[in-house]
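Biologist: I would like to learn how to read a model of this kind, one feature at a time. Could we look at it together?

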Amino acid sequence: MGDKFEIVIVGGGTAGWMCAAACAAKLDPARFRVRLVESEEIGTVGVGEATLPQMKDFNDFLGLDEAEFMQATQATFKLGIEFINWGRQGDRYVHPFGTFGRPIGEADFFSYWIRAHRAGTAASLSDYCFPIVAALQNRFMLPSGDANDVRNAFAYAYQFDAFLYARYLRQWAEARGIERVEGRIVEVEQDGGTGDIAAVKLASGARIAGDLFVDCSGFRGLLMAQTLGVGIEDWSHWLPCDSAAAVPSARSADFHPYTRSTRRTAGWQWRIPLQHRTGNGYVYSGADISDDEAAATLLANLDGEAMAEPRVLRFKACKREKAWAHNCIAMGLASGFLEPLESTSIYLVQMAIMHMLTLLPSGPGIDPALPAELNRVMDVEYDRIRDFLILHYIANEPDAPLWERVTTMAVPDTLADKIDRFRHRGHVQAYRDGLFGPPSWQAVFVGQGIEPQAADRLADVLPAATVEERLASLAATIADAAATAPSHADFIARYCPAPAP
Amino acid sequence: MTNSVQRVVVHGGGVAAAMAALAVSRAYARLGTDVVWVDTGEAFAPHAALIAPPDLSTFHRLLGIDEATLVRHAAATINMGQQFAGWSGGDDAFLHAYGDAGSAFASLPFVQHWTRARAAGLGVALEDFCLAAAAAKQGRTGAPREAATRQAVKAGWHLDAAGYARLLRAACEQADIRIVPGAGAVPHRGGAGLDRIDLADGEQLAADLFIDTDGTLIAALDPGTAARPAFCDRIIRASAPAFDPLPLYSRVAAHPAGWLTMIPLANRTAIEFAYDSASLADADAPAALASALGRAVDAAPPAPLAAAARPRPWVGNVVAVGPAAGAAPPLDGAELLLLQLGIAQLVLLWPIDRAAMPEADIYNEEMAGTRARVADFTAQHFRLNARTGELYWDAARAAPVSAELAAKIDLFAARGMFAHYNHEAHVEDSWALVMAGHGVTPRSFDPQALLTEDQALMAEFQRQLRAVASDVHAMESHADALRRMRG
């Protein structure tokens, strides 16, 4: 026992149990001992959670059975996010988990679309995207597996109850040797010389020592912030929403395979359909609306009966200055917060876990190159998501005080250039690591009303009539293909029906 | 497109100008773009040869240059990698081959398993698990049918520079590009850029966009070049008889005052002796070269080796590519790699509007990043050299490197992993083969590798070595490949 490398995970929410499950799946128990300390007294923030397609990779990485996982977490499928009233009141667009179109000539599809769109011969960008067309008809199918089929050009994610997911992973991880320690932490012990965390002490008097600590304690950052004093980079001047009111409602007949975000006076409202109910929330700027008014707005805009009183959450858009300091790695809310507008919370946890596993020290004494790399890649992830979220805010009608402020604020230079370049010629830089890929930027730019003034010149090589004909035929193929997919409700009922709670 | 770029002038000589003119013409002549090449007739360095990295093979398809043409007119041989000899002090050599560094296994890169096995005493080098390296060393090339390894094997070329320039010029003529002789052209400013150049014979050539490989045009708009550390400041080019059989890789041998590159061509061996004039006087250099080769060779006099690059290759309506954009690092096929990337990026970012070209900022960002990462790749050889006690090499090892390269070396040394930045031009496995070749064995490995039992790992290693051997056996000889290509 004494030779093993000891990992102590502090906090048993979604982040904690995801980390514990990954350790159970990928670390040799003869060499690593992994314990998770949590207290039943501290509730987890368990609102309906929407995710990105990488979530499926994570479950596959663990080896979870998809149908079983979906049944256990009341999960539904997700093909993208619908944005309502973003840009202008009455507008709607979908940011899909898939690409637009298919190759036509030497230029990329989007360039042909720009050209035809400017000539007035293109349909809406959405019509060239299978997951959007299927989603808006409440249909779902798994990718067909045939590379030539438009029904294969997408990925999917899940919408689920994060509390149930944590519970499911807990049972899964405990069955694979992860030790759960029940107790409230009352003291964190640091090494007098190095400042490293030596142990956490529980109210019971127990002392849990470790070589590496994972801080999954949530917003407060018990180890990272309160003990090691690692500060945050405050991004609230760009992303001013600081509160959310959340409430579940009864499942409605409109059973979407997508998440919805509706822009409102002081923020935006989410709608996340699960099997047993619908998760709803109003993310708002406390400077622009009172809690009571926000809760009332939320309750007035549900499509099913509210099943509880709205619960209020507080946060601040930020990133922890370091995700790994001393012998402690922060993940989840302890490592920063970005509002759930693009469903990135679980993705960020997942990235932190994957990088932690590959960079895990092999014994006492941490090679400084390891934390340096984890901090570098997590910074890249956070910064890219930040810019993408800000993009949603800046391109809107200034129809309320919040929207007047955010549409005239100074944005990060990295984003200002992106917008100019997209407007000029539809240019989106593709990068290998991190979110988001070109189709995501294209969807949101165009959806928010930022349209390119020109396309790549290579798109001008084909005759206009040919481009028009190819676009029309593609839209027809996608419409026909979507009609072959079953309804989302039927698919779930057959594939992964969850028991009533 | 009423405001589109319609008239393009390419200004310069040699390989760079011909390649730029051809690429632009093939992409945009269809849209009515007129390309004129003002050939400055720059004299070729005698004996010059080029190392084309695998990326160039793809680019040749876009240019419409086929294998047969290269073999017939540029004395081309196949380039599967570069061998580095003596960089760690002794006679040790390793091959940077263009292919996978072993086959991924149990969802982890092969390097992780190799690191674990090295720590347990394995003596086999990383490159022995690399099919491209094994094949190149045994004189075999091409793709085996029903490969046992499924490893990527990529190949570029070794080219005679003068022959290559001639065949590109012939391709320009075939594409109906107007070529006018024009040394000493005078740029004429207009607005934020140039509106025309005046040729010595009195002809005035107006254009919407100027592509400058010579450097005169861009210098009229932007004086600035940024110097970077030169690894050597002199070069002697020479020729020796061709090898028989022809190797599939060039050889870069460290020398007390620099290095010696031998590039196998079909009709000769091109030699580049790069040295530092502080360590070796020009007067002594020819003798040093002869001594290193063991005999006298037909050599040109020492020439300077430049090391400056432009931070902004695109200014106004002038885009500098090739030599005008800056000197390429003198190793790793960087000259053709940067030239090709510079031209390809310009084709991609072809300006929409001749009156205003905000594309310049994107281009400059992309190329600065690419150039920095390509320079890092070359800088690693010097940083990691283990020739201690020699002034030149001790200084090369101590020379400052970029923060990105420092992070890459630190992370590979710590964990066998690769810190990936934007604009990388070399793949991860190339970095791994080179760093491991220079003697960096990672200190630790991904703990997920421990899920594989020791015995299963040994069995997998043996399986991979057998698969490499059987794939090599199924490949063709260099001579057969060249004969087939010649047609």
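Biologist: Does A:Glu342 count as buried or exposed, and how many C-beta neighbours does A:Glu342 have inside 10 Å?

Modeller: Please keep in mind from the start that this is a predicted model. A residue is called buried when 20 or more other C-beta atoms lie within 10 Å of its own. A:Glu342 has 23 such neighbours inside 10 Å and therefore counts as buried. Its place is in the loop between strand 22 (336–337) and helix 9 of chain A, and, if we leave aside its neighbours within four places in sequence, A:Glu342 is in contact with A:Ile81, A:Ile385, A:Phe388 and A:Leu389.

Biologist: For which feature does UniProt list A:Glu342, and which residue is listed with A:Glu342?

Modeller: An unreviewed UniProt entry lists A:Glu342 and A:Ile346 under "binding site". A:Ile346 is found in helix 9 of chain A, and, because A:Ile346 has 25 C-beta neighbours inside 10 Å, A:Ile346 counts as buried. Not counting residues up to four places away in sequence, A:Ile346 touches A:Thr14, A:Glu49, A:Thr51 and A:Met55.

Biologist: Which residues does the UniProt annotation "binding site" cover together with A:Thr14, and why can they be said to gather at one spot?

Modeller: In the unreviewed entry, that UniProt annotation covers A:Gly12, A:Gly13, A:Thr14, A:Ala15 and A:Leu333. They span 322 residues in sequence, yet no two of their C-alpha atoms are more than 12.2 Å apart, and so they gather at one spot. Among them, A:Thr14 is found in helix 1 of chain A, and with 26 C-beta neighbours inside 10 Å A:Thr14 counts as buried. A:Ala15 is likewise found in helix 1 of chain A, and A:Ala15 counts as buried because it has 31 C-beta neighbours inside 10 Å. Leaving aside neighbours within four places in sequence, A:Ala15 is in contact with A:Cys216, A:Met331, A:Gly332 and A:Val349.

Biologist: How far apart are the C-alpha atoms of A:Cys19 and A:Leu357?

Modeller: Those two C-alpha atoms are separated by 9.3 Å, although A:Cys19 and A:Leu357 are 338 residues apart along the chain. A:Cys19 is found in helix 1 (residues 14–26) of chain A and is buried, with 30 other C-beta atoms within 10 Å. Beyond the residues up to four places away in sequence, A:Cys19 touches A:Ile9, A:Val214, A:Cys216, A:Met331 and A:Ile353.

Biologist: What describes two packed helices?

Modeller: Two packed helices are described by the angle between their axes and the distance between the axes. In chain B, helix 1 (residues 14–28) and helix 9 (residues 334–348) pack at an angle of about 25°, with their axes 10 Å apart. Helix 1 of chain B and helix 9 of chain B are therefore roughly parallel to each other, and helix 1 of chain B passes helix 9 of chain B in a right-handed crossing. The contact is made by residues including B:Ala16, B:Met19 and B:Ala20 of helix 1 of chain B and B:Leu339, B:Ile343 and B:Val347 of helix 9 of chain B, and by class the contact has 9 nonpolar, no polar and no charged residues.

Biologist: At what angle do the axes of helix 3 and helix 6 of chain A cross?

Modeller: The axes of helix 3 (residues 66–73) of chain A and helix 6 (residues 162–174) of chain A cross at roughly 125° and come within 8 Å. These helices of chain A are therefore oblique to each other, and their crossing is right-handed. A:Phe69, A:Ala72 and A:Thr73 in helix 3 of chain A meet A:Leu164, A:Tyr165 and A:Tyr168 in helix 6 of chain A.

Biologist: How many residues of chain A are in contact with chain B?

Modeller: 28 residues of chain A are in contact with 25 residues of chain B. Helix 10 of chain A gives the most to the side of chain A that touches chain B, with 5 residues, and by class this side has 11 nonpolar, 4 polar and 13 charged residues.

Terms used: Residues are numbered from 1 along each chain as its sequence is written. Chains are lettered from A and ligands numbered from 1 in the order in which they are written. This is a predicted model: local features need pLDDT of at least 70, side-chain atom pairs count only at pLDDT 80 or more; totals for chains, interfaces and linings use all residues. Axes are lines fitted to C-alpha atoms, for helices over the stretch in contact, and angles run from 0 to 180 degrees between N-to-C directions. Helices (H or I, at least four residues) and strands (E, at least two) are DSSP runs, numbered from the N terminus. Angles under 35 degrees count as roughly parallel, over 145 as roughly antiparallel, 65 to 115 as roughly perpendicular and the rest as oblique. A crossing is left-handed if the near helix is turned anticlockwise from the far one by less than a right angle, and right-handed if clockwise. Two residues are in contact if their C-beta atoms, placed from the backbone, lie within 7 Å. Ala, Val, Leu, Ile, Met, Phe, Trp, Tyr, Cys and Pro count as nonpolar, Asp, Glu, Lys and Arg as charged, and the others, Gly among them, as polar. UniProt positions are given in the numbering used here, feature names are shortened, and annotations may be inferred rather than shown by experiment. A residue is buried if 20 or more other C-beta atoms lie within 10 Å of its own, exposed if 12 or fewer, and partly exposed in between; C-beta atoms are placed from the backbone.
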